Amino acid sequence: MAKMTLEDLRNLREQKKKDLQKRDTTGKNMQIVIGMGTCGIAAGAKKSLDAFLSELDAQNLDNVAVTQTGCMGLCYVEPTVEVIVPGMPNVIYGQVDVETARKIVREHIMRQRMVSDHVYDRPAADIIQNGGK
Amino acid sequence: MHAAVTDFLLDIIQNSIEAEAAVVTVVFNQTETVLECSITDDGKGITPEELNQIQDPFYTDGSKHSARKVGLGVPFLFQAAEAAEGKVTIHSEKGKGTECRFSFNPKHIDCPPLGDIPGTFLAAISYPGDHELIIERSLFRAGEKSSYEVSRLELIEAVGSLSTAGSLNLVKLFLHSQEDSVMDPG
């Protein structure tokens, strides 16, 4: 790939904006918060961040907010990720490796179904067992 | 313990951001015999006494997690650098800022792998806040220098807020193109 300039980046953004206007607004108000404290970094949170971005890109979900925070207090199950989707309980997922990150996008974000075996905090047990439904 | 050199780098950059710096400058120089990084900020700084304390893994000021008794970021860096004929020096002045420099000998058997360089820069740039983050990356190989420089605020000006997947993926593409140009200047 040729070395991009800031001008190239601006043009790409304009192009993306036009594409977005043609599509629906899936993903708006959805948020993925990745724990990037010392514990998260040590457990591979950078790879999880990269996997979330690649999968969201592959699924054309440009509107989903992806942000970082420090340690969420669950160092034993890093990388940890909070997922906020309107109409669903806020969930903190643990042990979010690359494959789990991709699964969270495909299941939780796209189909509104929780990835139950990685839920570590927030919803009550009975909710988790029913896959969030 | 961190797995890669870039993990240490990201951890230290976050310290600068959390010290309420307005400008953080990261220099990442790589030659065939040494890997050198410096992270300089104009944040709140620490006293000589605190500088001594943060090298102890069982010290924390308690501001982030009130019940926690450890602070591992900086001690991890000292431990890894010492194991690989590296060096860490930190200069800090209360109210003025901090400079952390570290180096590794890339040929030492205990030198950690470099890790994902553009992925680390992306994580550092997208860490929330209003600060500027300037990254100067250079690689010296066979007498030739190749380098690039990125500015967080310039990227925000070009792609908008760095909080959505769309804008982050554009920055990711940009950073990979910069890194590719250094790795394969041909």
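How many residues does the contact take from chain A and from chain B? The contact, meaning heavy atoms within 4.5 Å, takes 36 residues from chain A and 43 residues from chain B.

This is a predicted model, in which local features need pLDDT of at least 70 and side-chain atom pairs count only at pLDDT 80 or more, while totals for chains, interfaces and linings use all residues. Residues are numbered from 1 along each chain as its sequence is written, chains are lettered from A in the order in which they are written, and side-chain values use heavy atoms, with hydrogens and water left out.

**Chain A**

The secondary structure of chain A comes to five helices and five strands, where helices (H or I, at least four residues) and strands (E, at least two) are DSSP runs numbered from the N terminus. Along the sequence these elements follow the pattern α-β-α-α-β-β-β-α-β-α. Of the 133 residues of chain A, 47% count as buried, a term for under 20% relative accessible area, with exposed meaning over 50% and partly exposed in between (1.4 Å probe, protein chains only).

**Where the chains meet**

The size of an interface is often given as the accessible area lost when the parts come together. Between chain A and chain B the buried area, which is the accessible area (1.4 Å probe) that two parts lose on being put together, summed over both, is about 3,100 Å², and carbon and sulfur atoms give 60% of this area. Three salt bridges are counted between chain A and chain B, each being a side-chain nitrogen of Lys or Arg within 4 Å of a carboxyl oxygen of Asp or Glu. One of them joins the side chains of B:Lys172 and A:Asp50. On the side of chain A that touches chain B, the elements that give two or more residues are helix H1 (6–22), helix H2 (38–43), helix H3 (45–58) and strand E2 (65–69) of chain A. Helix H3 of chain A gives the most to that side, with seven residues.

**Salt bridges**

Over all chains the structure holds 16 salt bridges, including those listed here.

| Salt bridge | N to O distance |
|---|---|
| B:Lys172 and A:Asp50 | 3.0 Å |
| A:Asp57 and A:Lys16 | 3.6 Å |
| B:Lys96 and B:Glu93 | 3.7 Å |
| B:Arg101 and B:Glu99 | 3.4 Å |

The pair of A:Asp57 in helix H3 and A:Lys16 in helix H1 links distant parts of chain A, 41 residues apart. A:Asp57 counts as partly exposed because its relative accessibility is 33%, and A:Lys16 counts as partly exposed at 23% relative accessibility. In chain B, B:Lys96 is exposed, with a relative accessible area of 56%, whereas B:Glu93 is partly exposed at 45%.
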